[in-house]
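Biologist: Can you walk me through this model? I'd like to start with the strands and then move on to the helices.

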Amino acid sequence: METPIYKDGAWRLDDPKLSYLTDEQVNAYLGLENTPSYSGAMHDAERQLIEKHKIEIIGMWPESIALIDLGSGPAEKTVVKAAEGKRRGKRVAFHPVDVNKRMLEIAGANARREGLEVFPHNCLIEDFERVIGEARKTAGAVYLNFGATHTNFPVSFLDKLGSAMKKGDFLYVSTQLRKKGEEAALVATYSSPLLEDFALGVLRHAGFERGEVEWKPVFVKDTVEHSSIVKRVPPRLAALGMKPGDRIVTHNSRKQTLGEFKEMLSQRFEPTVWTNGDGSFAIAVCRKK
Ligand SMILES: C[S@@+](CC[C@H](N)C(=O)[O-])C[C@H]1O[C@@H](n2cnc3c(N)ncnc32)[C@H](O)[C@@H]1O
């Protein structure tokens, strides 16, 4: 059972891996992916940008590349780039990394269908140094595909990835963008039973049952905190000092403005950023400075 820690006015169970440990949680996530409101704002927007710019992205690659997909999930969007690279004569070694075995199986099947070589890593994203070391043996450069998963991690994690990169490597990140003044509307899109189920998956690890919390996402600084208000405290957590009315955060989704996103990247990397027509989504390929 996971033990939350109290920090910045809320109990934290927001380590990203906690959202994807069981089959039930994976089903909740895949259910979200297939929901038009969530999928439209996130996956479809990114897919369209990748389709539009994949030739430019692949044009940056050397003849041989290890595509390391950090938190691959089903990897459909990454496979689009890898398959196009292969069609254009590049040698692409696909290295999906995921804590969840079932996600890795789906990612592997999607990649093999395109004739790609697959080197699965059932481990934590935090193990990236070892994975990069192994992947370098199969290719001339690495392309770290972190996508929108970076928005669930602290910004400082990008510094860690940056220090494992060499000149000639790439980091790919993406994000749903926020416009100033839009925060309340953005949080309102999180009032969904599917997202509530996704949160409940994490809360169950800590000993809560349905009905013992009230789903209440909030916007803090630049992040939607997926959070719930505690109604009944499991005895183990009462012993830690948790009380009814306290807030528990189960996941973070950073939603930066385009300016914030570009600044975060250019402080650390040499990014090329593309946005969609309505300015609601951005993708970026970053080189080491
Ligand atoms: C939001 S999904 C993104 C899937 C895919 N990259 C995409 O953009 O559609 C996050 C994925 O990362 C995995 N994941 C989350 N935290 C992880 C961690 N610390 N280590 C390994 N995998 C992790 C989850 O199992 C899940 O498959």
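Biologist: How many residues lie between strand 12 and strand 13 in their hairpin?
Modeller: Five residues separate strand 12 and strand 13 in the hairpin, and G279 in the turn has a positive phi of about 65°. This is a predicted model, where local features need pLDDT of at least 70, side-chain atom pairs count only at pLDDT 80 or more, and totals for chains, interfaces and linings use all residues. Residues are numbered from 1 along each chain as its sequence is written.

Biologist: What counts as a helix or a strand?
Modeller: Both are DSSP runs numbered from the N terminus: helices are H or I with at least four residues, strands are E with at least two.

Biologist: How many bridges join strand 12 to strand 13?
Modeller: Seven, and the two strands run antiparallel. V273 has A284 in strand 13 as its bridge partner. Strands pair if DSSP finds at least two bridges between them.

Biologist: And strand 7 with strand 13, how do they run?
Modeller: Strand 7 and strand 13 run antiparallel, joined by seven bridges. There, S174 is bridged to I283 of strand 13.

Biologist: Why is strand 13 largely enclosed?
Modeller: Six of its eight residues are buried, so strand 13 is largely enclosed by the rest of the structure. A residue is buried if 20 or more other C-beta atoms lie within 10 Å of its own, exposed if 12 or fewer, and partly exposed in between, with C-beta atoms placed from the backbone.

Biologist: Which residues of helix 10 are buried?
Modeller: F261, M264 and L265, in a helix that covers residues 258–268. They span an arc of only 90° around the axis, which puts them on the same side of helix 10. The arc is that of the directions from the helix axis to the C-beta atoms.

Biologist: What is on the other side of helix 10?
Modeller: The exposed residues G259, E263 and Q267. The buried residues are covered by elements including strand 7 (170–176), strand 12 (269–275) and strand 13 (281–288).

Biologist: Switching to helix 1, which residues are buried there?
Modeller: Q25, V26 and A28 are buried in helix 1, residues 23–33. Their arc is only 160° around the axis, which puts them on the same side of helix 1. D23 and E24 are exposed, on the face turned away from the buried side. The buried residues pack against helix 4 (101–112) and helix 8 (193–205). Contact here requires C-beta atoms, placed from the backbone, within 7 Å.

Biologist: How many residues has the largest nonpolar core?
Modeller: It has 49 residues, and L67, I68, Y143, L144, L171 and Y172 have the most contacts inside it. Strand 13 gives the largest share of this core, six residues. Another core, of 20 residues, lies apart from it, with L200, A206, F208 and W215 among them. A nonpolar core is a set of buried Ala, Val, Leu, Ile, Met, Phe, Trp, Tyr and Cys residues joined through C-beta atoms within 7 Å.

Biologist: Where is I57?
Modeller: I57 is in helix 2, residues 36–60. I57 counts as partly exposed because it has 19 C-beta neighbours inside 10 Å. Leaving out residues up to four places away in sequence, I57 touches K81 and V285.

Biologist: Last one, how many helices and strands does the protein have?
Modeller: The protein has 10 helices and 13 strands. Of its 289 residues, 39% are buried.

Key: Contact = placed C-beta atoms within 7 Å.
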